[in-house]
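I opened the model today to go through it piece by piece and to write down what I looked up. The entries follow the order in which I looked.

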Amino acid sequence: MTLFNPNLQVQALTVFARGTRVFDEKFHSGLNIIRGENSSGKSTIMDFLFFALGGDLLEHQWRETALLCDTVFVGVKLNGSDITLRRSIEPKSSRPMQIYFGPIEGALEKSEDGWESYSFRRGKAESFSQVMFRLLGFPEVQYGEANTKITINQILRLVYSDQLSSVEKILRNQSFDDAITRETVGNLLLGAFDDQYYEARLRLRAADSEVKEVITRINFLTRTHARDGHPLTSEWLSQEAKRLVDELDKLNNEITTLEEKIFNAQFDDRLTLNDQNETYARVKELQEKLGKLIEERDELEIQIADSDAFIISLNRKLEALQQSKVIVDELNTLEFDFCPSCLAPVSKEQVEGACTLCKQASDSEHTKERSLRLINEYARQKQNSFDLQGIRKNSLMRLNSEIVKTHELWEQASRHYSVSLRSPTTELRSRLRKLNRDAGYAQRELEELASRKAIITELQEAREQRDNLNSEIEKLKAQINFSERRSQEQIIKARKKVEECCLEFLHQDLERQSTFVDANRVNFEFDGDRISVNDESYFSASSMVYLRNSFFASLALASANDKSFYHPRFLLMDTVEDKGLEPERSKNFQRLLHEKCSTAKSDMQIIIATSMIAEELNTPEITVGEYFTHTNRTLKFIG
């Protein structure tokens, strides 16, 4: 069957208490029904599924029997790939999760080897929501002024219809709830946004921050280093340098003339090369420094180039891994009638765990498990490389600025050394020339100009960076505006699909609510957390349950018939008979669920719990486990 992504399906649920399995059942694609008497533990299993998948249960929401258990394992397929999730049971919120990249059968055999731990909340380390979003193909959604990121727990609020939440509300109850969170989650599942939109949003926020920092640096450099109202430009620098060099040459000529006069006056001081030695030492020192800076810059540029190549390589590997996963899935479905080499008939005898063609051992699950691990690891390496590249590029900018400054000082020292070579001098003359240089502003200003040259270079780079960022920001804004227009169109289309499906449920309900019979429009507001039919929002308690159930089912079913949704094509429902919903009305709803689920375009999964199963649905192909009673409860505690 076709598989629309994102797609989540539970394969198995295993619960341990004191090292013993107290619940261990398999699930299947399509409709799954957990059936049994009231108070036999069905809702406990539904809560375990919600919790194991990443949902958050507060201390007061845990059932007494659930707290007798230690650990819950759930094997799931995320977009067709097997992983296993494990969480320890404690009456605390925000519990961490361990993930095993492979099916539950292999995971249960591992103690700690192969498991990776992830926190509930995002921080320096990745959260399990980030890993699951990556494997499901969900975009990294942020909302609100604080740029809060959506978690898997928020997604499950529109996937799990539990008994404790108000039937007048759409989303599962949660502390510290707010309208913008509800609207963002709802619009996401309707397919409102994509990866490119959120990447552009994230980049726009970073670019805005970067351009502000660059402008602050430009203003600081201009304010600190501007002089006498002159602009810090290359043209001004060249003119000022020429003026100072001319002035310095004039001073040196005057000094030389003075020294000749002193020599002709037959001063008796001995000649010395101290001035030459000092200037040579200065030239050598600056040359060594310049060499080290250039070497450091070249090494950094090589690191940046290597890292760019590494990031490109990671992108190719991630793309190849995604493609290889699809190819493995496709090859597993191929059957050969004739050998492609010799054209001899191929034996139809199947060998478990072997290739259907050559009958050699073949473990495609191990291949996919390794592929998932690599996808997760390469994605983390890619993000770390991006972060390091930013640090390296900032260091490169500082190095270039220091090289310009050091090179200018080296050139000045070289000119000074050339002058000293032309005329060995007496100690008296050396002191005279040093006094003249120290007294004059020309030499000091020229040295200061070297620093200003580095500042001007830094300013030019900063202005160029500012212009590039402003250009990028304009492009990002245009991309975001386009995505938002497309998202609005998608929301309108998706809402219509959900409404049409919901109207079908209402029209096919038993005639218990006249508004449902005559329904021609269903409106739902995620931010307002309410549903209305023909502009009416209040009905009998049982009809409110039926309406909420119909909406949850319609959201899942509409996504299973339209690939533009970001819904995981998965539904947990513990309310098919809540608030006095009569048996025949509940059974009718179950039949509708089964019919619509069976005819959906994409593979999907719906898990419901009921004490009044429709007779024709009470078959092993649909039910999960046995019929549970007060004496044969869902959790099989020993002793």
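I began with an open sheet of six strands, ordered β2-β1-β4-β5-β6-β7 and paired in the antiparallel sense; two strands count as paired if DSSP finds at least two bridges between them. I noted that β2 (20–26) and β7 (115–118) stand at the edges with a single partner strand each, so one side of each has no neighbour in the sheet. The twist from one strand to the next averages 20°; the axes behind such angles are lines fitted to C-alpha atoms, for helices over the stretch in contact, and the angles run from 0 to 180 degrees between N-to-C directions. Strands here are DSSP runs of E with at least two residues, helices are runs of H or I with at least four, and both are numbered from the N terminus.

Before going further I recorded the conventions: this is a predicted model, in which local features need pLDDT of at least 70 and side-chain atom pairs count only at pLDDT 80 or more, while totals for chains, interfaces and linings use all residues. Residues are numbered from 1 along each chain as its sequence is written, and side-chain values use heavy atoms, with hydrogens and water left out.

Next I followed β1 (residues 8–17), which is joined to β2 by six bridges in an antiparallel arrangement. I found V15 with F23 as its bridge partner in β2, and T14 with D24. The hairpin of β1 and β2 has two residues between the strands, and within this hairpin R18 takes a positive phi near 50°. In the segment before β1 I located P6, where the peptide bond from N5 to P6 is cis, with omega near 0°.

Which helix packs on the sheet? I found α3 (residues 128–136) there, touching β1, β4 (71–78), β5 (81–88), β6 (97–100) and β7, its direction making about 35° with that of β6; a contact means heavy atoms within 4.5 Å. Eight of the nine residues of α3 are buried, where buried means under 20% relative accessible area, exposed means over 50% and partly exposed lies in between, computed with a 1.4 Å probe on protein chains only. Among the buried ones I listed F128, V131, M132, F133, L135 and L136, along with the polar S129 and Q130. Just after α3, G137 takes a positive phi of about 85°.

I then turned to the largest nonpolar core, which has 129 residues, those with the most contacts inside it being L13, F48, I155 and F551; such a core is a set of buried Ala, Val, Leu, Ile, Met, Phe, Trp, Tyr and Cys residues joined through side-chain atoms within 4.5 Å. Helix α11 (residues 441–507) gives the most to this core, with 15 residues. For L13 I wrote down contacts that include F23, F27, I45, F48, L49, V72 and V74, leaving out residues up to four places away in sequence.

Is S40 buried or exposed? S40 is buried, because its relative accessible area is 0%, and I placed it in the loop between β3 (30–35) and α1 (42–52). Its side chain reaches the backbone oxygen of E37 at 2.6 Å. Not counting residues up to four places away in sequence, S40 touches F628, T629, R633 and T634.

Further along I looked at β13 (residues 522–525) and β14 (530–533), which pair in the antiparallel sense over four bridges, with E525 opposite R530. They form a hairpin with four residues between them, and D529 in the turn has a positive phi of about 60°. In the loop between β14 and α13 (541–560) I came to N534, whose phi is near 50°, and to D535, whose phi is near 70°. N534 is buried at 19% relative accessible area, whereas D535, at 60%, counts as exposed.

Last, I checked confidence: the protein chain averages a pLDDT of 84, and 82% of the residues score at least 70, pLDDT being the predictor's confidence in each residue, from 0 to 100. Over residues 265–271 the pLDDT is below 50, and beyond near neighbours in sequence this stretch has 10 contacts in the model.

How values were computed. Polar contact = N/O pair within 3.5 Å; in protein donor to acceptor, adjacent residues only side chain to side chain.
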